[in-house]
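I'd like to walk you through one model today, going from a single residue out to whole chains.

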Amino acid sequence: MSNIPSELKFATSHEWVRVDADGIATVGISDHAQGLLGDMVFVELPDVDDSISAGDDVAVAESVKAASDIYAPVSGTVVAINEELEDAPELLNSDAFGEGWLFQVKLDDAGELENLLDAEGYKNSIDED
Amino acid sequence: MTNKTVLHAKHLASGAKMVDFFGWDMPINYGSQIEEHHAVRTDAGMFDVSHMTIVDVQGADAKAFLRRLVINDVAKLATAGKALYTGMLNEEGGVIDDLIIYFFSDTDYRLVVNSATRVKDLAWMTKQSTGFDITITERPEFGMLAVQGPEAKAKVAKLLTAEQIVAVEGMKPFFGVQVGDLFIATTGYTGEDGYEIIVPNSSAEDFWQKLLDEGVVPCGLGARDTLRLEAGMNLYGLDMDETVSPLAANMAWTISWDPTDRDFIGRDVLTAQKAAGDQPKLVGLVLEEKGVLRSHQVVVTEFGNGEITSGTFSPTLGHSVALARVPRSVKVGDTIEVEMRKKLIKVQVTKPSFVRNGKKVF
């Protein structure tokens, strides 16, 4: 079983969210998800300043095996994207919860975080798969 | 009931991620299929292909039987050990399977056929054998390994006896020889130098371990697929099946039309198809921008639509390549379009071969 950091929030569609003190949310996909997809070859990210809504398909992770849509787990404005992934998509495989982060969002409504799973809840959701 | 090869425990010991492959529990990768792919292109990797089916065809009529059964002509094989690649067709001219035939003598041949088609292949061969004085014998007591890559032969040599080393010295591509316990063949499915080796089940694990100790990288079905696709080699079930003519699957080169009186199964259908010139053809596609071509995506051309039969990301080239079945009028060098994720993307048409011996070939 992959290690799931306890401070993160999760969507059932395998995205994670880490919120810092300034109300900026960093978004990635879980280690479990990268394991299912296999070696990453391309990552398509939203543009900075894009306005995104929770549930929108805003990014694509394409592995040797399949292309997978990534959904915005929260609503807000994109303030940064992980440009390292352009040349090193394998960071999603090697460090899904760290260097493999996808983009950062300035939250519209911090209350939306309540809709996400905690680490324990996410672990239970993938154990049922 | 899931089948396990004789090397199953070795895969688990190497941390393989296992998947079901047509009833066999097989390694898809041992961590990273891209790293495994690069190992084969630059050094040496090995694959467990023990799930494939070894069938010996022997007897007074073995030669006559195979001249009827397959589209290539085993009468061309004159040197003991020489192999050929070919297809076995149904009466409608569709491909039942592709296979390799090793020639030992006019009364002794070894066939290696796909695992997913094992049952129907054996049934078809048995049915067609009526009236021929032959025996058809499956050989499950053997495992099979493919050791492939520019350093593969040198690494295998360290495990061989003096007698085996002499026997394989300077052996040309597409030959096989039985020496001692091993059947060693200069065949493969990667576009690299190397061997396919048939080994008794009792010594397979030991042989695998010794190759590991020599630094040969274990590779799963994931890397096997990207390597064969870069090399432009067909995968049965994707690039062709029983509904597809060999003329539409880049297998025309495996048909022996001469002598004209050899009555192989499907000959009349192929002759008519060839005269009509209306079969689609299998070409290569290259996408140098972002995105990955995938099986079953629709190909749009001015001559009508086609379909991608196999597509992947090419780790060697750093972009996507595919095999596609398209109307015959499409030419190498043309730019055509593929429908990907609801958009039409331009791709280049190439010959259906992308990488050989580590180098780009289109």
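Let's start with His319(B), which sits in strand E17, residues 319–326 of chain B. A strand here is a DSSP run of E with at least two residues, a helix is a run of H or I with at least four, and both are numbered from the N terminus. Before I go on, this is a predicted model: local features need pLDDT of at least 70, side-chain atom pairs count only at pLDDT 80 or more, and totals for chains, interfaces and linings use all residues. Residues are numbered from 1 along each chain as its sequence is written, chains are lettered from A and ligands numbered from 1 in the order in which they are written, and side-chain values use heavy atoms, with hydrogens and water left out.

So, is His319(B) buried or exposed? Its relative accessibility is 8%, so it counts as buried. Buried means under 20% relative accessible area, exposed means over 50%, and partly exposed is in between, with a 1.4 Å probe and protein chains only. Which residues does His319(B) touch, leaving out those up to four places away in sequence? They are Val286(B), Leu287(B), Glu288(B), Phe313(B), Ser314(B) and Phe362(B), where a contact means heavy atoms within 4.5 Å. His319(B) is also 26 residues from Leu293(B) in sequence, with 9.6 Å between their C-alpha atoms.

Staying in chain B, look at Phe22(B), in the loop between strand E1 (17–21) and strand E2 (24–29). Its phi is near 45 degrees, which is positive in a residue other than glycine. Phe22(B) counts as exposed, at 58% relative accessibility. Then there's a cis peptide bond between Asp258(B) and Pro259(B), with omega at about -5 degrees. You'll find Pro259(B) in the loop between helix H8 (221–230) and helix H9 (267–276) of chain B.

Now zoom out. Chain B has 9 helices and 21 strands. Its radius of gyration is 20 Å, close to the 21 Å that the globule rule gives for 362 residues, so chain B is as compact as a globular protein of that length. That radius is taken over C-alpha atoms, and the rule is 2.2 Å times the number of residues to the power 0.38. In chain B, 55% of the 362 residues count as buried.

On to chain A, which has 4 helices and 9 strands. Buried residues make up 49% of its 129 residues. His14(A) lies in the loop between E1 and strand E2 (15–19) of chain A, and His14(A) is buried, with a relative accessible area of 16%.

Last stop, helix H4 of chain A, residues 119–127. Which of its residues are buried? Those are Ala119(A), Tyr122(A), Ser125(A) and Ile126(A). Looking down the axis of H4(A), the buried residues fall within an arc of 120 degrees, so they line one face of the helix. The arc is that of the directions from the helix axis to the C-beta atoms. Why might that spacing work? An α-helix has 3.6 residues a turn, so residues three or four places apart point the same way. And the buried residues of H4(A) pack against strand E1 (9–10) and helix H1 (31–37) of chain A.
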